[in-house]
Amino acid sequence: MDALVAATLAAPPPPSAAAGDKARYQSPLTSRYASAEMAYNFSDANKFSTWRKLWLTLAAAEQKLGLVDITDNAIKQMANHIFDIDFELAAAEEKRRRHDVMAHVHTFGVAAPAAAGIIHLGATSCYVTDNSELIMMRDGLDILIPKLASCIDKLSNFAKAHKNLPTLGFTHLQPAQLTTVGKRACLWLQDLLMDLRNISRARSDLRFRGVKGTTGTQASFLTLFEGNHEKVEQLDDLVTEMSGFPAAYAVTGQTYTRKVDLDVLATLASFGASAHKMASDIRILASLKEIEEPFEKDQIGSSAMAYKRNPMRCERVCSLSRHLMTLIGNVEQTAATQWLERTLDDSANRRVSIPEAFLTADIVLSLIQNIVDGMVVYPKVIERRIRQELPFMATENIIMWMVKNGGDRQQCHEEIRVLSHQAGRVVKDEGGENDLIERIKKTPYFAPLIPHLDELLDPSTFVGRAPQQVDSFMRKEVEPALAPYRARLDAGVRQEAINV
C-alpha cells in the first residue's frame with residue numbers, strides 16, 4: 001500500500017484533469033462571492049459592448065456635426081451589433097496585432113462592414129478604455145450606494161430596538177462604564193454614514209474623459225472639423241451627454257488624471273476600515289456570547305468541534321476588508337508615477353486594482369446586510385456580565401449616597417477599598433463570583449444604605465444619556481442621510497444569498 005500511495009502522489013495529472021475551466025485559476029471574488037450585477041459590470045461582455053457603444057456615440061455625434069463620410073447605414077449596423085461580439089476573432093486579432101483596442105476595432109468592423117472605415121475616427125485608445133472605465137466605476141458606485149444605505153437602514157433599526165439595553169462598555173478591551181447595545185451600534189453607524197457621504201460625493205464628482213485625442217489637445221478632432229474649435233467642443237459635450245455624464249474633465253493628458261481613481265478607491269478603502277472595525281467588534285462580542293451573527297440551521301461551525309458557532313461572516317468581512325484597504329496603495333503609486341501626458345505602466349495594474357476594489361466592496365456590503373439583518377442579542381448573558389462587574393462600578397455611587405446622608409467621605413472610601421480588595425481576591429485567586437455587594441450588606445457601616453441598594457445597582461442608571469443619544473443621532477444624522485434613498489429602501493434593496 002505504501003508503494004501505491006507513493007506512486008499516486010508522484011504521478012502527474014491526466015490530460016482530462018488539466019482541461020476545462022476548473023483547470024485554470026479563477027478569482028473567488030467572482031467565482032464564489034460577488035453579486036451577479038457587479039460581476040457583470042466588470043466583465044469582458046460589458047467592457048467590450050461599452051467600447052462599441054462609445055464608438056457608436058462618437059460616430060453619431062460626428063455625423064450630427066457634419067462629417068458626411070459617416071452614413072446612416074454605418075450607424076444602423078453599429079447599433080445592431082453592440083452585444084454580439086465575436087470573442088474568438090477578437091482574440092485572434094489581438095494575438096496578431098498585439099493591440100487590444102485595434103483588435104476590437106477590426107472585430108466590430110467585420111460585424112458592421114458599412115462602418116469599418118469610420119470606427120474610432122479621430123480617437124485614441126484611451127477614448128474607449130478610459131471612458132469605459134469611468135462608466136463602469138460610475139455604474140459600480142450606483143450598485144454600491146443603495147446597498148450601503150440598506151446596511152445603514154438595517155443597522156439603525158437594530159440600534160433603535162436595543163437603545164435601552166444596558167451592556168458593559170470596554171476601553172482598552174477592559175470592562176468600563178456601561179453603555180447600551182443600541183448606542184454601541186451607533187458608533188458603527190457613524191462610520192458607515194461617513195462612508196455614504198464620501199462615496200456619494202465621489203459619485204457626484206465623477207466626470208467623463210470625453211474626446212480629447214492622443215495627448216489631450218483634441219488636435220485630431222480639430223483636423224476632422226477643419227479647424228472649427230466650436231464643433232470640437234460640441235463634439236466633446238455631445239458624446240459626454242450621450243454617455244450619461246453631466247460634464248467631462250476640462251483638461252486631460254492622453255488619459256484622465258489617475259487622481260480620479262485614487263479619489264474613488266480611497267472612499268472604498270475607507271469603507272473597508274469601517275467594515276473591519278464593525279465586524280471585529282461583533283467577533284469580540286460573539287466570543288463573550290453577547291451577540292451572534294446569523295447561524296443557519298444546518299451550518300457547521302467547525303469540522304472537528306461540532307458545538308462551535310464561529311462568526312464566519314464577520315471573519316470574512318475582516319478578511320476581504322483587509323484586501324480592500326490594501327488596494328489603495330496600488331492606486332496611489334499609479335497616480336504618482338504617471339509621467340507627463342501618460343505612461344502605460346498604469347494599465348495592467350488598473351485592470352486588477354479597480355475591479356477588485358469594487359467587487360470586494362460589493363461582497364463586504366452583501367455580508368454586512370446579511371449579518372445585520374439576522375444579528376441575535378442575548379440579554380441574559382449581557383445581564384450576567386454586568387452583574388459580575390457592576391459592584392465595582394457602583395462603589396462611587398455608594399460613596400456619594402453615604403456622604404449625602406451624613407457619612408464621612410474618607411471613612412466610606414476606606415471601607416469600600418477594603419471590601420473591594422477582598423472581593424477582588426475571591427474573583428482572581430479563587431475563581432469565585434464577585435461578592436462585593438454581599439460584603440457591603442454584611443458590614444454595619446453601610447446599614448443605612450441597604451434599603452436603597454437595588455436602586456443604586458440598577459444598570460439603567462449607569463448608561464448616562466445613551467438612549468437619548470440614540471434618538472438624537474437617528475433624528476439629526478441617520479434619517480436625513482437616508483432620506484434620498486427612502487423610496488428605494490422601502491421598495492427593497494436586493495440582498496444577495498451568502499455562500500457561507
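Q: Is D153 buried or exposed?
A: In this predicted model, local features need pLDDT of at least 70, side-chain atom pairs count only at pLDDT 80 or more, and totals for chains, interfaces and linings use all residues. Buried means under 20% relative accessible area, exposed over 50%, and partly exposed in between (1.4 Å probe, protein chains only). With a relative accessible area of 15%, D153 is buried.

Q: How many residues apart in sequence are the parts that D153 and R486 tie together?
A: The side chains of D153 and R486 meet in a salt bridge at 3.1 Å, N to O (a side-chain nitrogen of Lys or Arg within 4 Å of a carboxyl oxygen of Asp or Glu). D153 lies in helix α8 and R486 in helix α21, so the parts they tie together are apart in sequence by 333 residues. Helices are DSSP runs (H or I, at least four residues), numbered from the N terminus. R486 has a relative accessible area of 30% and is thus partly exposed; the separation asked for is 333 residues.

Q: Which helix holds D261, the partner of R350?
A: R350 forms a salt bridge with D261, their closest N and O atoms being 2.7 Å apart. Both R350 and D261 are buried. R350 belongs to helix α14 (residues 347-373), whereas D261 lies in helix α12.

Q: By about how much of a helical turn are K277 and D281 separated?
A: Their side chains meet in a salt bridge at 2.7 Å, N to O. K277 and D281 are 4 residues apart in helix α12, so their separation is about one helical turn.

Technical notes:
Residues numbered from 1 in each chain as written. Heavy atoms only, no water. Helix = DSSP H or I, 4+ residues; strand = E, 2+ residues; numbered from the N terminus.
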